[in-house]
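Grab a pencil and work through these exercises with the structure open beside you. Try each task before you read its solution.

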Amino acid sequence: MSRFRVRGKGRVDAAKPMIFTFDGTPYTALKGDTVASALLAHGVHLMGRSFKYHRPRGAIAAGSEEPNALIGTRRGDGRFEPNTRATVQEVWGGLQTTSQNKFPSLRFDVGAVNDAAYMLFSAGFYYKTFMWPKSFWDRVYEPFIRAAAGLGVAPTEEDPDSYASRYLHCDLLIVGAGPAGIAAALAASATGRSVVLVDENAEIGGTLLSEPDAQIDGTPAWDWLAQSRADLLAAGVKIMPRTTAIGYYHQNMIGMVQKLTDHLTELPADTPRERLWRVRAKQVVLAQGALEKPLVFHGNDRPGVMLAGAAQTYLNRYGVKVGDSPAVVTSHDSAWFAAFDLADAGARVQVIIDTRAQVRADLQEAARARSIPVRLGHTVTATAGRLRVKNLRVNAVSGGHVGAGTWINCDALLMSGGWTPSLHLFSHTKGRLAWDDALTTFLPEHTPEACVIAGAARGLWGVQAALNDGAARAREALDALGATVQAAVYAVAKDRTGTGVSLHELPTDRSASKAKAFVDFQNDVTAKDLRLAVREGMRSIEHVKRYTTNGMATDQGKMSNINGLNIAADALGKPQPQVGLTTFRPPYTPTSFGAFCGYHRGDHFEVLRRTQIDPWAEENGAVFEPVGQWRRARYFPQGNEDMDAAVRRECAATRAGIGMFDASTLGKIEVVGPDAVEFMNRMYTNPWTKLAPGRCRYGLLLGDDGFIRDDGVIGRLDADRFHVTTTTGGAARVMNMMEDYLQTEWPDLEVWLTSTTEQWSTIALNGPNVVKLLAPLVEGVALNEADFPHMSCVECTVAGMPARLFRVSFTGEVGFEINVAAPLGRQLWETLWAAGQPHGITAYGTETMHVLRAEKGYIIVGQDTDGTVTPYDAGMGWAVAKSKPDFVGMRGLARPDLKAANRRHLVGLLTEDHSLLEEGAQIVFDPDQPIPMTMRGHVTSAYATGTTGRPIALGLVEGGHEKLGETVYIPMPDRTIAAKITSSVFFDPDNTRLKI
Amino acid sequence: MLLIHCPYCDDTLPELEFAYAGQAHVVRAPLPATQSDAEWEEFLFIRDNARGPHFERWRHIHGCGRFFNAVRDTVSDRFYTTYKAGAPRPDLASLIGEAP
Ligand SMILES: [Zn+2]
């Protein structure tokens, strides 16, 4: 039996001992223990070091609000998690835990020098300290900030666990399974509605777990709890322990994370570690209870100083006495009961210090009966003890005057500053709060969601009040669902109700500027910091928060926000409601990335689209690149070729023989209907009326602002049918844009749009030998200049497969694009591959495609254009119809700015020293001007290898079309490159090679 | 996650099925070429920045594919109503009056 374990107390199972380690030391624990309760059972209070000052810290709470006792947990390779709260991590046999923020050891830490340099690290220290001199940034400040940033240490291995994700729909969701939540569930359980009851703890019960002596309708609390749980399960209520409601989203969607394996010694096969639930509930009861407030005084953060309610929980729920000789300081009745429970369990309570001059007579009587000294109207002004509190300084307060201090020994100091309703999820709903002066806290007033608040969460105190309110509020929610119930009325004996006052800071006789009175324990923010922030001009609570970082740690200020507000309001001389409360945001407690990712990791991180020909490319050694959601073959290296060598070979083979390219990813839209040609006239810049069936045309799509959005070759298959192609990445966008105009601007047009991208496999063949390969395979059209000239299309058969054949070129060579039903793609590819062998057929990828098109000055939308380029800027005024009454972008092109001189034009760039330019590099006219230089454009495309024997580039240059032959400069970090402006067509400007 | 009523499907469905499509009732002139620069600027760039009820377009992109109009409160995200494209702009006062 460990030293501080109390026999016969708590819900832990003495018959099931376990061993776990903390910083390498083995400790015993009992089934039901948390790491914190097990360590406290061995008298270990020191559990970590604080974030900024590296001060020794222990557990201050017993639940998920814990700011101090953050540990790392490990379960073998890859299973390490930092920043776990020791107060909620259940112990299992073999669990390894480590403390954080310490070097070299928890008991001796060199970072604690920060504690001595306290003045340096006051509020806003980042803003003030790290400003000067500039040269200190790289060598001093940044390394310091990086070393200090963040809590814990990030895991280094891939997480081997799996995480699940589920939806749930229910009539009534109850968040919090304390007395209010359980009473609400009992009220609803008889209605036949689907009811879900969730609680973040390992078992339901809430306060009842810490109040075993209460009697509910004559039944001891824990018996009542067991019976209620059985009744709820029998009635079909879904009870979900270890499940945290992390966020309340629109229209009653609640996000919940269920922990499934973190408490188990043996990991079950096929069970995810956590499960994220998206719950859509018709009605919600929020019964999240209340959180105890710390008192603010010098030295309130030493290990051994903790919340009185936490001490009561450690004793009654876990059977652990937090000290042999505890002292109590409080401004609320509730701490007196903690003192009584500890005294009854054998602790020698040193003193109960109450800041109030008057306290209920029955409490004083009960203290006297236990021989506990009582000091009313007193304050605590200091504590001492390096790694554990060993004594406290107490002073009388009368008439605002703080008397002389005397020291009292203790091995734990239990504090209570009253209770704050837990309104985090209520706050997520954008609920309105109302300030309650009597309780010195905010209470829920109105929420736009279908939700009610019950119990301590709305300021009620005591088991009986919580039970009855839970039942009554559930009745309201059930009414809204059309289910009528009689709300039960509970009578509770030995209920420990009480009241208190709320103090902002304990009065002290010492200089406030020297006090280390902590408000936010996790971020090391003191009352002094808050006052300093106000003195330095912060007026809004949001500014005070950001300047001091109060409430910005991973506990989101569960303990510190209200104390911080009170102190800031004092300093500002304004009442609290005028200062306002900062907003709570999801998640309620720190949540693993795994839970958010769910199944979306590894291969499932994003959809991967593959063409029918993709397996062939893989088998033939292709190197792939992602394009949109597609993966496309980038090049096909042979032997030891690198990319440059492969691309050089693929380019040459295509210009000399036949290149074959998988173009299946091109977006395709079928535009059909009696008004199809009118629709095309209105969407694209080009004229379509006179385009005969069987012919194609390069189409340019603008936005109504006049800028290029997309392009592609469009074939007119019939009077009322167009085969539209788009860029690979733009397909969905173009389809959406077409639907938008068709549905909302021109609903009178009889046109139907169908996305056909995935219906077709598309193979592009380019090169002087293409006709030799293709002519014997094609039936239905003769491949010659007379019957099938450049920019023709036809429905025919290729190698026996029904096909749409286009004679188009994106390379400057004779080119065809063959579309066959998607599943036939690979068969056609292999047929062409075999038939092409005598003609030197070569497969090429996207990189060669880019080079070949750049040599011809064909643009790639999104690379050579950036959403600010007009057809005229791109040198494609020829694609803009002159006599149409309207098309999308026509009016936009007439805007003054789009007609202005000195717009950036797309031109070719040839470097004088034959060096390769960098895509994105800025262009200047005068290389000798002072920095910052005036930038006149940028490089959009640049390729090292190709047919021309020298690197080529495209770029947007101010007034470029009028500057052909002039030299511009591209300043790079190591040198400045001179380049000559040329035509954007580098190869075969007269298109002689397009002829068969 | 919002629940949105598609007036074409007549069904209330999760936000994941829908895409936002900007302010509603911004009319493109039948012949924009006849518009002045000021009129075209108004159409192209000028949008409300409403705090409160906002007329806006949504598309049931992973459903029926139709564009429709909605009145949504930009503060609470509450949808007052959704209606088919081309239907007249609903009367705001009576809409908000009906809201509890
Ligand atoms: Zn729909």
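**Exercise 1: Across the interface**

In this predicted model, the side chains of R57(B) and D740(A) form a salt bridge, at 2.7 Å from N to O.

*Solution.* Start with the cut-off: a side-chain nitrogen of Lys or Arg has to be within 4 Å of a carboxyl oxygen of Asp or Glu. R57(B) and D740(A) sit at 2.7 Å, N to O, so the pair passes that 4 Å limit.

**Exercise 2: Who does the touching?**

Find which element gives the most to the side of chain A that touches chain B.

*Solution.* First, list the elements that give two or more residues to that side: α20 (731-745) and α24 (890-893) of chain A. Next, pick the top giver: α20(A), with 7 residues. Finally, sort that side of chain A by type, and you get 11 nonpolar, 6 polar and 10 charged residues.

**Exercise 3: How much area?**

What is the area buried between chain A and chain B?

*Solution.* Begin with the residues: chain A brings 27 and chain B brings 27. The buried area comes to about 2,200 Å², with carbon and sulfur atoms giving 49%. In chain A, H250(A), Q743(A) and R891(A) lose the most area to chain B, together 28% of what that side buries.

**Exercise 4: One aspartate**

Is D341(A) buried or exposed?

*Solution.* Locate D341(A) in helix α8 (residues 334-344) of chain A. Its relative accessibility is 6%, so D341(A) counts as buried. Leaving out residues up to four places away in sequence, D341(A) touches Q312(A), L315(A), N316(A) and R496(A).

How values were computed: Residues are numbered from 1 along each chain as its sequence is written. Chains are lettered from A and ligands numbered from 1 in the order in which they are written. This is a predicted model: local features need pLDDT of at least 70, side-chain atom pairs count only at pLDDT 80 or more; totals for chains, interfaces and linings use all residues. Side-chain values use heavy atoms; hydrogens and water are left out. Helices (H or I, at least four residues) and strands (E, at least two) are DSSP runs, numbered from the N terminus. Buried means under 20% relative accessible area, exposed over 50%, partly exposed in between (1.4 Å probe, protein chains only). Contact means heavy atoms within 4.5 Å. Buried area is the accessible area (1.4 Å probe) that two parts lose on being put together, summed over both. Ala, Val, Leu, Ile, Met, Phe, Trp, Tyr, Cys and Pro count as nonpolar, Asp, Glu, Lys and Arg as charged, and the others, Gly among them, as polar.
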